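Welcome, and please open the model in your viewer. Let's take a walk through it together, one selection at a time.

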Amino acid sequence: MCGIVGIVSNSPVNQEIYDALTVLQHRGQDAAGIVTCANGRLYQRKDNGMVKDVFRTRHMRDLIGNSGIGHVRYPTAGSSSSAEAQPFYVNSPYGIAMGHNGNLTNADQLSKEIYQQDLRHLNTNSDSEVLLNIFAHELMQQKKLFIDAEDIFNAIQRVHKRVRGGYAAVGIIPSIGLFAFRDPFALRPVVVGKRVTDLGTDYMVASESVALDAAGFEIMKDLAPGEAVVITGNNEIQFKQCAESPQYSPCIFEFVYFARPDSMIDDISVYKSRLRMGEKLAEQILEAWPDNDIDVVMPIPDTSRTSALQLADKLGKPYREGFIKNRYIGRTFIMPGQKHRKKSVRQKLNPVPLEFEGKNILLVDDSIVRGTTSGEIVQMARDAGAKRVYFASAAPEVRYPYVYGIDMPSASELVANGRGIDEIADYIGADRLFYQKLDDLIEAVGQGNKNINEFDTSCFSGVYVTGDITAEYLTSIDVSRNDDAQSKQTLVGQESVGIYNGASDD
């Protein structure tokens, strides 16, 4: 999961791209980058770290131009080396910079093809560099000195034929302008907006609509599955369907956890989806436990607040904020290493003892993945004086790895893998545990857009919509994603950063 943004404007875009990346910071905290275009040249700044740390005043002054793209990175494939910060760039053909959100499931095969058939060199282990080089090769097949939007659409059509997985990309070519495209299943989100000013019409593409809102853009549309958009340097916009058999199957986990609640994705309000998740969960609790002794409902901040609020209202129970969040700690879901995650939970959340003492507490979270965070929080509630601690998840049991751009841990590290609900409750130390039913989750999200008949629910159901995920592939990612492998990869990445960067330029 990463965040992408692109802007074509009638005025300089460096500050607006920076602001958009700040709004999208929740989608990636590992690295950030911006590429702008002016007078036929590209200007770039990228590095590991949060947006506010990567860009200083001197960097912003150098990012000139009225068009550009930006990226915040959360590592899925590859290491955490700053060499893999995005956007990536290739000089042939025409000079192309690209940022990517997602994961290519056939990246290994494509890497071999790029070297053996396309005669191109990859400098990192990132599948984003793979996607860029595939696109560059297909664009080169036009064999033209001057290209137009139709040439870009044709190249994207061939990209869709070669590439598998979930991906959303934004790129820029000095001689043409900005382009963006979405995978044929619409697994990763892309929204397009416009803003009319005295100078003319500006255009923006981003992972989530909140980035558009913050800059005063209005939503034009979400890219359909397989669709692409080209915005030329003279601010003309064109859309085209580039996939042969597109199928709308957006990732349902975006609505559960990753997206901001104030975002609209595929015409679905994330906020309202989470309200409905809370309502569905409350109905289940009332049916299974009508004479419950719950005294108070508490969210585990921040993502679960919306669901917990509606759940409490439906149950007729008080809603209280029992945990105070330290906003300077990153999202524990994407932190490497079990010890690091456990330590971060205690740093991230602090209980308010008066809300716990002698009470039966129902804790509500958006989901339970490893169970590490959940177990720590249940213990914190007991330490704060709770009499009984019940737990509710707004999402179903996460039993399978996610392969389309969210770095779920290996199956062996998922707490629900091979365990029943009572066993999971024992594992996290809860007196009682409730999970959202999958059908209820699908209905809660799908109610927002009746035109979407299917969602990707693979981490809950084990059904992968692209149809190309084999047992061998799942075994390979199980080996690469477990905590031991991640720790080794991080160390290698840190060593390579020291060699690659030399002295820091901050």
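**Stop one: a group of strands**

Arg195 has its bridge partner in β10, and that partner is Asp202. Keep in mind as you look that this is a predicted model.

Now widen the selection to strand β9 (residues 191-197) and strand β10 (residues 200-206). They run antiparallel and are joined by seven bridges. To get from β9 to β10, follow the hairpin, which connects them through two residues.

Pick Lys194 to see one example: its bridge partner in β11 is Glu218.

**Stop two: a helix with two sides**

Select helix α13 (residues 421-428). Which of its residues are buried? They are Ile424, Ala425 and Ile428. Looking down the axis of α13, you will find these buried residues within an arc of 100 degrees, so they line one face of the helix.

What do the buried residues of α13 pack against? Show α12 (372-383), β20 (388-393) and β21 (432-435) to see these partners. Then step just past α13 to Gly429, which has a positive phi of about 85 degrees.

**Stop three: the nonpolar cores**

Select Phe253 and Ile406. They have the most contacts inside the largest nonpolar core, which has 38 residues. Helix α8 (253-258) is one of its contributors, and α8 gives the most, with five residues. Finally, find another core of 33 residues lying apart from this one, including Val90, Phe153, Ile156 and Val163.

Note on methods:
Residues numbered from 1 in each chain as written. Predicted model: local features only at pLDDT ≥ 70, side-chain atom pairs only at ≥ 80, totals over all residues. Heavy atoms only, no water. Pairing = 2+ DSSP bridges. Helix = DSSP H or I, 4+ residues; strand = E, 2+ residues; numbered from the N terminus. Core = buried A, V, L, I, M, F, W, Y, C linked by side-chain atoms within 4.5 Å. Buried < 20%, exposed > 50% of the residue type's maximum accessible area, 1.4 Å probe, protein only. Arc of directions from axis to C-beta. Contact = heavy atoms within 4.5 Å.
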